[in-house]
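Me: I'd like to go through the aromatic side chains in this one. Here is the model to look at.

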2 protein chains.
Amino acid sequence: MREINECKNINGMGNRGDERIARLVRLAARGFNRSLQIRLKTQNVTFGQWIFLRILWQEDGLSQRELSERAHLTEPTAHAALTRMEELGYVERRNIAGNKRRQHAYLTPRGWELRDQIEPLAIEANDIAVVGLNTEERDILRKALTAIIQNLEKDEADAARRGVRVPPTKGNPAA
Amino acid sequence: MREINECKNINGMGNRGDERIARLVRLAARGFNRSLQIRLKTQNVTFGQWIFLRILWQEDGLSQRELSERAHLTEPTAHAALTRMEELGYVERRNIAGNKRRQHAYLTPRGWELRDQIEPLAIEANDIAVVGLNTEERDILRKALTAIIQNLEKDEADAARRGVRVPPTKGNPAA
DNA sequence: ACACAAAACTTAGATCACGAAGATTATAAC
DNA sequence: GTTATAATCTTCGTGATCTAAGTTTTGTGT
């Protein structure tokens, strides 16, 4: 058994304190995802589907674009999830008001049914994660994360203004 | 233009405080990744490659398994990254001590070269992220994230022990 | 009315990550 | 020594996510 040596670099070189935060955030995010995924699997719902189901339970009938905005995800991601959920019979996509462009997603009875089964699971996973943290700590955690998110968004916006953006994944013959 | 509408759900129903932490953590993790990716791209290195390069700069010659453990990633992930990095000429894989099973990865001169170009970029991205947080807040942030990671790891271990299927809130492991 | 811009959805291709299962090789048991 | 077990790497398929680019539809300006 190989023991992951977490302490190794606390005072070591090359590992600035700041860097550890990025790592901790990534690990925590992965933990959240996995913990929830394990639970969702029992209901045959994937993590990506849950994200959109959760939004639709609160606002049924949103368009794909609106859904992607609510979820903070791009349209292709929303598209893939919605297509799959339509196949699974959780949602149905329709046009309304004679608009042939906009596709609104509506939950089916099956989609509504899932709510009672799934929501408790999500709440449970989230409760477990913050065990042992008091109110003040949770507040600071929220505040700190919010600040980080804003700092990084600003950084990305600055970069974009200079013409630098997240590297393309398509047609990148450079590598 | 992606306008992140953060305020929308603050008072909305169905959005427990705890749940927001999971979301904030995910968004922060994504921010870190994107911010770093933008910078790494200038040196033609992907995020996944950086993770392993970073480890090798400190411990050259690790095996694939050791690398995957250091990185907290699985072996297929390490395998893909190493294969690509070998193609790119950043590392070289060799057997040592007559062991034909274990594959040790060694940085090439090119791999070492990247260090000076890339490390400052990572440090910069991380510095930017925590602007505006004082020492105490950073400490609590670290402590809270560490606790969350451990809580979720324990949760996952418990689930695995029970057969990977875990709904304590209800007795319906259907599907 | 017609051309053009903007909006909305789709498709394509890449990266990163994972689990499951296959293939080798090393080590332990007998 | 032969067989069983464990370690290690590899292959395969899936999913989530992204950027870029294509298609169709709607709306606007002249």
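Me: Are B:Phe47 and B:Trp50 buried or exposed?
Reply: Both B:Phe47 and B:Trp50 are buried (under 20% relative accessible area, with exposed over 50% and partly exposed in between, using a 1.4 Å probe and protein chains only). This is a predicted model, in which local features need pLDDT of at least 70 and side-chain atom pairs count only at pLDDT 80 or more, while totals for chains, interfaces and linings use all residues. Residues are numbered from 1 along each chain as its sequence is written, chains are lettered from A and ligands numbered from 1 in the order in which they are written, and side-chain values use heavy atoms, with hydrogens and water left out.

Me: How many aromatic pairs are there over all chains?
Reply: Two, where rings of Phe, Tyr and Trp (its six-membered ring) pair if their centres lie within 6.5 Å, and planes under 30 degrees apart count as stacked, over 60 as edge-to-face and the rest as tilted.

Me: Why is the pair of A:Phe47 and A:Trp50 tilted?
Reply: Because the planes of the two rings stand at 35°, with the centres 6.1 Å apart. A:Phe47 is buried at a relative accessible area of 15%, and A:Trp50 is buried at 3%.

Me: And what about chain B, how is the pair of B:Phe47 and B:Trp50 arranged?
Reply: B:Phe47 and B:Trp50 form a tilted pair, 6.1 Å centre to centre with 35° between the planes.

Me: Switching topic, which ring does the charged end of A:Arg94 sit over?
Reply: That of A:Tyr106, 4.1 Å from the ring centre (the criterion being NZ of Lys or CZ of Arg within 6 Å of the ring centre and within 35 degrees of the ring normal).
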